[in-house]
Amino acid sequence: AAALSARQRVIGAADLAALAAADAASGAIGGLPCEVAAGVVRATGARLAGCEPAGLVVTVTAAGSFAGIPIEARARAGPPR
């Protein structure tokens with residue numbers, strides 16, 4: 001159960017960070033997309049492993065670990081297609 005909780009925390013961090021970074025890319029909030037993503041990921045206790053802005057779409061990779069086992073999650077956010 002603890003491992004699943006850690007995994008969900010990292011997945012949530014990636015999701016939230018991608019959404020916030022996309023908001024920054026669109027100008028809806030201030031800041032640079034990857035700096036905003038890093039702050040969101042840090043606030044969840046994970047770390048930013050990657051951030052790739054492409055126009056208004058941002059892909060974020062968050063990382064963490066459980067009992068020494070690495071956990072990574074990737075999320076992408078941007079305007080609707």
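I count a contact when heavy atoms lie within 4.5 Å. With that in hand, I took the contacts in the protein chain between residues at least 6 apart in sequence, and 39% of them join residues at least 24 apart.

A note on ground rules: this is a predicted model, so I ask for pLDDT of at least 70 for local features and 80 or more for side-chain atom pairs, while totals for chains, interfaces and linings use all residues. Residues are numbered from 1 along each chain as its sequence is written, and side-chain values use heavy atoms, with hydrogens and water left out.

**Overall layout.** I found two helices and three strands in the protein chain, running α-α-β-β-β from the N terminus. The elements are DSSP runs numbered from the N terminus: H or I of at least four residues for helices, E of at least two for strands. The C-alpha atoms fill a box of roughly 40 × 25 × 15 Å along the principal axes. I also noted that buried residues make up 33% of the 81 residues; buried is under 20% relative accessible area, exposed over 50%, partly exposed in between (1.4 Å probe, protein chains only).

**Helix α1.** I looked at residues 2-26 next. This helix has 25 residues and reaches 36 Å from its first C-alpha to its last, close to the 36 Å expected, where the expected span is 1.5 Å times one less than the number of residues. Its buried residues include A6, V10, A13, A17 and A24, and the buried set packs against α2 (33-43), β2 (57-66) and β3 (69-77). After α1 comes G27, with a positive phi near 90°.

**Helix α2.** Here P33, V36, A37, A38 and V41 are buried, and their cover includes α1, β1 and β2. G45 follows α2, and its phi is positive, near 90°.

**The disulfide.** Which cysteines are joined? I found C34 joined to C51, S to S 2.1 Å, by the criterion of cysteine sulfur atoms within 2.5 Å. The pair links distant parts of the chain, C34 in α2 and C51 in β1 (residues 47-54), 17 residues apart. The torsion about the S-S bond is about -90°, so the disulfide is left-handed. C34 is partly exposed, at a relative accessible area of 26%.

**One last loop.** Most residues other than glycine have a negative phi. A67 sits in the loop between β2 and β3 and is exposed, at 69% relative accessible area.
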